[in-house]
Amino acid sequence: MDYFDNLKGKERFTEQGDALVFESEIDKVYLDTPPKIAIIDHEKKRTFVLRKDGLPDAVVWNPWERRSKTILDFGDEEYKHMLCVEPAAVEKPITLKPGEEWKGRLELSAVPSSYYSGQLDPDKVLHG
Ligand SMILES: O=P(O)(O)OC[C@H]1O[C@@H](O)[C@H](O)[C@@H](O)[C@@H]1O
C-alpha cells in the first residue's frame, strides 16, 4: 500500500503487508485504503472496526513521546493511550461547486477482540 509520510516531507512510499505496527512517532496518509479497517488493541482485548464510504485515504497518527510534549492540549503521556486513524480524501481532494453536494460515511464500532478470535488474520478481519 502506498502512503505519504508527513514526517518525511510528504514523500510517497510503498509498504508491504496488511497490518501496521509502530513503535515511534507516525504521521502517514495511506492511499486508496480498504473500506473496512480494524484497529486491534491487544492490551484491552478490543477491536475497533472502522467502515467508510467516499473517503479513500486514511491518516494514521501518533505523536509519540517527544512531540507529545510540544502539543499544548495533549498530555505528555497520552500518546500511550491514543491512536488517530482518520479517513480522508487527501490524494484526490473533493471540490464542490456552489450548490453541489457530497456525501461521505464513517462508522466506528468497538467489539471485544474475542469476537474476532481465531480470525485475526488481517484478510479475515477485512473481508470476513
Ligand atoms: O493539531 P491538530 O490540528 O489537532 O492535528 C493533529 C494531527 O492530526 C493528524 O491528523 C495529522 O496527520 C497530524 O499531522 C497533526 O499533527
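Student: In this predicted model, which side chain does the side chain of Lys28 make a polar contact with?
Tutor: The partner is the side chain of Glu15, and the polar contact between the two side chains spans 3.1 Å.

Student: Where is Lys28 placed in the chain's elements?
Tutor: Lys28 belongs to strand β3, which covers residues 26-30.

Student: Is Lys28 buried or exposed?
Tutor: Lys28 is buried, because its relative accessible area is 12%, and the cut-off for buried is under 20%.

Student: Which residues does Lys28 touch, leaving out those up to four places away in sequence?
Tutor: With those left out, Lys28 touches Tyr3, Phe4, Asp5, Glu15, Ala58, Val59 and Val60. Glu15 is also the residue whose side chain makes the polar contact with Lys28.

Student: Let us change topic to the ligand. Which residues surround the ligand?
Tutor: The residues around the ligand are Asn6, Asp27, Val59, Trp61, Arg67 and Glu86.

Student: What lies 2.5 Å from an oxygen atom of the ligand in the side chain of Asp27?
Tutor: An N or O atom of the Asp27 side chain is at that distance from a ligand oxygen atom. For Glu86, a polar side-chain atom is 2.5 Å from an oxygen atom of the ligand. For Arg67, the distance from a polar side-chain atom to a ligand oxygen atom is 2.8 Å.

Student: And how much of the ligand's accessible area does the protein cover?
Tutor: On its own the ligand has 390 Å² of accessible area, and the protein covers 46% of it.

Student: Now the whole chain, please. How many helices and strands does the protein chain have?
Tutor: The protein chain has eight strands and two helices. Starting at the N terminus, the order is β-β-β-β-β-β-α-β-β-α.

Student: What share of the residues counts as buried?
Tutor: The protein chain has 128 residues, and 31% of them count as buried. The chain exposes about 8,900 Å², with 52% of that supplied by carbon and sulfur atoms.

Student: What about contacts between residues at least 6 apart in sequence?
Tutor: Of those contacts in the protein chain, 61% join residues at least 24 apart.

Student: Finally, what scores does the model have?
Tutor: The model has an ipTM of 0.85 and a pTM of 0.87. The average pLDDT of the protein chain is 91, and 89% of the residues score at least 70. Where pLDDT is low, the predicted coordinates should not be read in detail.

Methods:
Residues are numbered from 1 along each chain as its sequence is written. This is a predicted model: local features need pLDDT of at least 70, side-chain atom pairs count only at pLDDT 80 or more; totals for chains, interfaces and linings use all residues. Side-chain values use heavy atoms; hydrogens and water are left out. A residue is near a molecule or strand if one of its heavy atoms lies within 4 Å of it. A polar contact is a pair of N or O atoms within 3.5 Å; within protein, one must be able to donate a hydrogen and the other to accept it, and residues adjacent in sequence count only if both atoms are side-chain atoms. Accessible areas come from the Shrake-Rupley method with a 1.4 Å probe; for residues, only the protein chains shown count as cover. Helices (H or I, at least four residues) and strands (E, at least two) are DSSP runs, numbered from the N terminus. Buried means under 20% relative accessible area, exposed over 50%, partly exposed in between (1.4 Å probe, protein chains only). Contact means heavy atoms within 4.5 Å. pLDDT is the predictor's confidence in each residue, from 0 to 100.
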